[in-house]
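Please load the model in your viewer and keep a selection panel and a distance tool at hand. The tour below moves from one selection to the next and says what is to be found at each stop.

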Amino acid sequence: MKNNKQIKVIITKVGLDGHDRGAKIVVSLLKEAGMEVVYLGMFNQVEDIIQAVVDEDADVLGLSYLSGEQLIFTPKIVKEMKKNELNDVLLIVGGTIPVEDIPLLEEMGVERVFRAGSLSGEFIEYIEKNIKK
Amino acid sequence: MTENNIDEMVQKILDGDRRMLARAITLVENSRKGHRNIMKQVYPHTGKAMIVGVTGAGGAGKSTLTDILIGKFRKMGKTVGVVLVDPSSPFTGGAMLGDRIRMKKHARDKGVYIRSIASRGAMGGLSRATYDIIRIIEAFGVDIVIVETLGTGQDEIDIIHLVHTCLVVFTPGMGDDIQAMKAGILEIADLIIMNKADLEGAEAFIRHLQSAVTTANIPVGAWTPKVLPSVCVSDKPANIKGHDEIIKGIYEHFDFLNKSKALDKIRFQRLELELGLILKDELQNLIFKGLKGTGLKKKYITSIIGGENDPYSVVREILDNYVLHRKK
C-alpha cells in the first residue's frame, strides 16, 4: 500500500527541551522532498503527541532531541504507541544523540536514529523505503 | 480494503472510534479504493453539525482565533471537529502543516478532533476532499465543525459553499478604506473579525469596514455582516477579548439561517456545486480509463504540442467519439 499516497510525517519535540532549530530544518527538508509534515513544536507531552499521531493518521513520528532527554521520554512514547496499537507508525529519533544511546533506543523500539550531521538524503530515503502503511 | 472492511470502518466511526475516523479521512484524501462506498454509507449520518469557516490572509491569526473558539465551544459542552488546510507546494507536492501547533490546549481533549490537510493543488481536489472530510467528521458525531482555510487573498470564495457561517479575519494595517470597499469581503463574510484589535490603526480600519457594510446594497431580509474586534494574544490576559461576542454572532447567524429558510437554499446550492464537482471527476476518470492502452491520449497531447490541434477541439472530439456517440 506504499504507492499512490502522500507520506504524512509528524515532527515534534518532547518535554522541556527548548531548541527546535534542527527540527524545523528537518521539517523543511521533508516538505521539499514532497512529504506532508505536521510540526507540533516544543514542550509537548507524551499523550498530546500520541493523540496527534492518531488524529492525523501519520505514517511517521519523528522525535527531535538536543538536551539529552531521549532515554526518559522515548520509552514513554513507545509504551503509549503500543497501548494505542500504533504499530504501523514508523518511529524515528533525530538530534544530538550520543553514540552509546543508539542501541538503547533501538532496543526500546525506535526503528532508526539519525544523529546530528546525518545527510538529508539518508533520512528521506529511509522514510520512503520503510513506511508501513 | 474490501467492502466488508468499509462497512466495519463506517460502523466504528459512527460508534465514535477516532482512529477509524482518521483512517477513513486518509482514504478519502487519497481517493483510494473504498472512497465512494465510505461516502455512500456516511451520507445518511450527516447534516447535523453547525459548520463554521475561518478564512483570511496568512498571519492574520486564523489558527489562534480558532484555538480560542474551540475552547469557548468546549466550555458550552459542545464537541468540536477541526479541519486545518495549509498549502501544498506546487513544485514538490510537499506541505508544512503548521496550524495544529496553535491548538495545544486541546491536544489531549477527547471532545476535539483536529485534522491537518494539505491543499494538494488547485485541481478541484481540495474542495471535494474537504467536503467529504467534513461529512465524515459530522458522521463521527461532533456538534461543531470548524474549517480553517489556507491564507487566502481576494476572490477565494470556495469556502462559502462549505460552511454555514463564514468568519473573515483581518488585522490592522492590511489596507485602507479602498481595500475595505473592494468586492470579495462582504460577499463571503458573515462575521468580519478585526483581529489584533489592540494594534494601532484597528479603530480606523473597523470604521472603514463598518462603512463598507453600511453602504453595501444588501437585499432586504438578507444577513448584514457584523464587524467584530478581537484580541487573541496579549501579555495581560485581561486584554484578550471579543470572543464571547464572536460566538454569539455565530449563533445569531445560524439562527438567522434557520428562521429565514436560507439553510434550505444553501443546502441546495451546495449540493448543486458538489454534484458538478463529482460528475466532473468521475467523468474524467471514466474517459481517461477508456482511453488507456489506446495511445490516443498521447497522440492528442502530441498533436496539441505540434500545433496541429488545440485542447478545446480535442475535448470536443473525445466527447463526440467516445461519450455522445456511444449513447446512440
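Begin by selecting Arg100(B) and Asp55(A), whose side chains meet in a salt bridge at 3.4 Å, N to O, a salt bridge being a side-chain nitrogen of Lys or Arg within 4 Å of a carboxyl oxygen of Asp or Glu. This pair crosses between chains, since Arg100(B) lies in the loop between β3 and β4 of chain B and Asp55(A) lies in helix α2 (residues 46-56) of chain A. Helices (H or I, at least four residues) and strands (E, at least two) are DSSP runs, numbered from the N terminus.

Before going on, note that this is a predicted model, in which local features need pLDDT of at least 70 and side-chain atom pairs count only at pLDDT 80 or more, while totals for chains, interfaces and linings use all residues. Residues are numbered from 1 along each chain as its sequence is written, chains are lettered from A and ligands numbered from 1 in the order in which they are written, and side-chain values use heavy atoms, with hydrogens and water left out.

Next, select Arg120(B) together with Glu36(A): they form a salt bridge in which the closest N and O atoms are 2.8 Å apart.

Strand β2 (residues 36-39) of chain A is joined to β3(B) by 3 bridges, and the two run parallel; two strands pair if DSSP finds at least two bridges between them.

Now widen the view to the open sheet, in which 6 strands with parallel pairing follow the order β5(A)-β4(A)-β3(A)-β1(A)-β2(A)-β3(B). At its edges, each pairing on one side only, are β5 (112-115) of chain A and β3 (95-97) of chain B.

Finally, select the whole contact (heavy atoms within 4.5 Å), to which chain B gives 30 residues and chain A gives 33 residues. The area buried between the chains is about 2700 Å², with carbon and sulfur atoms giving 42% of it; buried area is the accessible area (1.4 Å probe) that two parts lose on being put together, summed over both. Highlight Arg19(B), Arg32(B) and Arg108(B), which supply 23% of the area that chain B buries against chain A, more than any other three residues.
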